[in-house]
Amino acid sequence: TPMLEFPANTGIQIVVNDKKASGPGAEYLKKSIELEAGKSYYGIIHGAVDSEKWPNPDGFETNLEITLIEARPTATEPSAVDVLLFHSAMDSPFIDVLNNTIGVVADDLFFRSSTPYISFPSAPYLLNVTRGEDENFLIGSYDFDLSAYAGQTMAVVYVGSFLTLEQPTSPVKPALIGVLQDGTVIEFTRYDHPVAQIQIVHNSPSPEFDIIDLYLDDELIYDN
């Protein structure tokens, strides 16, 4: 949604209903909150209705929840975009977000946690999402083009889930979603790294070299 006006300095209750149902028992989520007058917030709904089906490898609960994060109304610099990253992929372990120029954008970002605001000059970037314990394990790369959003703030949510074969199949694939304060949703395009094919032919006559293993950047890719 865009920014909505809610009562402040008093307790209120947010209820998320099943659109196809109504009446008692139709609520998916009910939470009591209190907002501070004059402030803005992101309310990020995440998790699963049936949380037992979606275990988190780091032991976090995956029940349906709403997380409130104070929002910044405008960027700190008119030529920049202030970005807050939030990890909402339920069965993904903690992640790192990297950029070849900036370096580490987010380090050890766990499920249901967020970064502070990060100020990016308004320009295109390539963001790599990796497993936190292994930066060589690439989950996905994204064209993170902020050229058109100077002066604005954005909540960027790492969504999707179900990254391992042990988890049930889901149509929601890992993605990076940006939301502006007017409610505009931006799905950043997944970047596919260019590849080439090579066939290795072992034609050495040396008897001590009759069986070989192949490695790519210290990773075994072909055994015997």
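The legends below describe close-up views of a predicted model.

**View 1. The largest nonpolar core of the model.** This core has 25 residues, and those with the most contacts inside it are Val83, Phe144, Leu146, Met154 and Phe188. At least two of its residues come from each of β5 (80–87), β6 (95–99), β7 (103–109), β9 (124–131), β10 (134–145), β11 (153–159), β12 (175–180) and β13 (185–188). Another core, of nine residues, lies apart from it; Tyr42, Ala71, Leu84 and Tyr117 are among them.

**View 2. The surroundings of Leu146.** With neighbours within four places in sequence left aside, Leu146 is in contact with Val81, Val83, Phe120, Ser122, Ala123, Pro124, Tyr125, Met154 and Phe188. Of these, Val83, Met154 and Phe188 are listed with Leu146 among the residues with the most contacts inside the largest nonpolar core.

**View 3. Strand β11 and its pairing with β5 and β12.** Six of the seven residues of β11 are buried. β5 pairs with β11 in the parallel sense over six bridges, and Leu84 has Ala155 of β11 as its bridge partner. β11 and β12 run antiparallel and are joined by six bridges; here Val156 stands opposite Gly178 of β12.

**View 4. The open sheet of four strands.** The strand order is β7-β6-β9-β10, and the pairing is antiparallel. Because β7 and β10 stand at the edges, each with a single partner strand, one side of each is left without a neighbour in the sheet. From one strand to the next, the twist averages 20 degrees.

**View 5. The pairing of β9 with β10.** These antiparallel strands are joined by eight bridges. Leu126 has Asp143 in β10 as its bridge partner.

Conventions:
Residues numbered from 1 in each chain as written. Predicted model: local features only at pLDDT ≥ 70, side-chain atom pairs only at ≥ 80, totals over all residues. Heavy atoms only, no water. Core = buried A, V, L, I, M, F, W, Y, C linked by side-chain atoms within 4.5 Å. Buried < 20%, exposed > 50% of the residue type's maximum accessible area, 1.4 Å probe, protein only. Contact = heavy atoms within 4.5 Å. Pairing = 2+ DSSP bridges. Axes fitted to C-alpha atoms, helices over the stretch in contact; angles between N-to-C directions.
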